Amino acid sequence: MAQLPTVGGDDGTWGTILNAFLSISHNSDGTMKVPAATIFVAASDASAAVRAVTPSAYLCDGTADDVQINAALDALPAGGGKVVLSEGTFSITASIMVDTAGQHLVGQGQQATKITTSADITQLIIG
């Protein structure tokens with residue numbers, strides 16, 4: 001199996017874009033960087049397969065799903081990490097707080113992950 005070049009050590013053969021990618025995803029010795037913590041949260045209408053592998057603390061029921069999302073964000077380590085929302089619809093009734101210091105909240109794409117809010121919630125709070 002072919003091995004990727006050493007980060008920054010290709011003498012220009014691979015180009016700056018690949019070197020930039022390698023420096024983000026690999027250590028200088030070529031080994032993969034350990035990814036930050038990732039916690040999955042499943043919507044009430046997510047597939048059975050997704051719900052089966054999601055810890056019960058992060059299984060949403062379609063009512064106040066912000067509770068499970070905020071619990072997942074709170075469970076991330078001090079260095080940050082990622083909360084990944086499954087496909088499906090999440091109903092939030094309170095603010096979701098994303099700490100910008102290393103925390104990421106991501107879904108499965110514009111058509112796959114949907115967030116609905118109650119009338120008194122107008123935004124996600126990032127800060």
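Buried means under 20% relative accessible area, exposed means over 50%, and partly exposed lies in between (1.4 Å probe, protein chains only). All views show a predicted model, in which local features need pLDDT of at least 70 and side-chain atom pairs count only at pLDDT 80 or more, while totals for chains, interfaces and linings use all residues. Residues are numbered from 1 along each chain as its sequence is written, and side-chain values use heavy atoms, with hydrogens and water left out.

**View 1. N70 in helix α3.**
N70 belongs to helix α3; helices (H or I, at least four residues) and strands (E, at least two) are DSSP runs numbered from the N terminus. N70 counts as buried because its relative accessibility is 18%. Contact means heavy atoms within 4.5 Å. Not counting residues up to four places away in sequence, N70 touches S95, I96 and M97. The buried residues of α3 are D66, Q68, I69, N70, A72 and L73. Their cover includes β1, β2, β3, β4 (97-98) and β5. An α-helix has 3.6 residues a turn, so residues three or four places apart point the same way.

**View 2**
Three strands, in the order β1-β2-β5, make up an open sheet with parallel pairing. Two strands pair if DSSP finds at least two bridges between them. At the edges are β1 (37-41) and β5 (103-106), each of which pairs on one side only. From one strand to the next, the twist averages 15°. Strand β2 (residues 81-85) runs parallel to β5 and is joined to β5 by four bridges. K82 is opposite H104 of β5. Helix α3 (residues 66-75) packs on this sheet and touches β1, β2 and β5; the direction of α3 makes about 170° with that of β1. Axes here are lines fitted to C-alpha atoms, for helices over the stretch in contact, and angles run from 0 to 180 degrees between N-to-C directions.

**View 3. The largest nonpolar core.**
A nonpolar core is a set of buried Ala, Val, Leu, Ile, Met, Phe, Trp, Tyr and Cys residues joined through side-chain atoms within 4.5 Å. The largest core has 17 residues, and V41, I69, L73, V83 and F90 touch the most other members. At least two residues of this core come from each of β1, α3, β2 and β3 (88-92). Helix α3 gives the largest share, three residues. L73 is in contact with V83, I96, M97, V98 and Q103, not counting residues up to four places away in sequence. In soluble globular proteins, nonpolar side chains tend to be buried together.

**View 4. The loop between α2 and α3.**
C60 is part of the loop between α2 and α3. C60 counts as buried because its relative accessibility is 1%. Leaving aside neighbours within four places in sequence, C60 contacts V41, A42, A43, S44, R51, D65, Q68 and F90. T63 and S91 are 28 residues apart in sequence, yet 5.9 Å apart in space, C-alpha to C-alpha. A64, placed in the loop between α2 (48-53) and α3, has a positive phi of about 55° although it is not a glycine.

**View 5. D65, a buried charge.**
D65 also sits in the loop between α2 and α3. D65 is buried but has no salt bridge, and R51, the nearest side chain of opposite charge, is 7.7 Å away. A salt bridge is a side-chain nitrogen of Lys or Arg within 4 Å of a carboxyl oxygen of Asp or Glu; Lys and Arg count as positive and Asp and Glu as negative, while His and the chain ends are not counted. Apart from neighbours within four places in sequence, D65 contacts C60, T89, F90, S91 and I92.

**View 6. E87 in the loop between β2 and β3.**
E87 is located in the loop between β2 and β3. E87 counts as partly exposed because its relative accessibility is 26%. Leaving aside neighbours within four places in sequence, E87 contacts A43, A46, S47, V50, Q108, A112 and T113. E87 and A46 are 41 residues apart along the chain, and their C-alpha atoms are separated by 5.7 Å.
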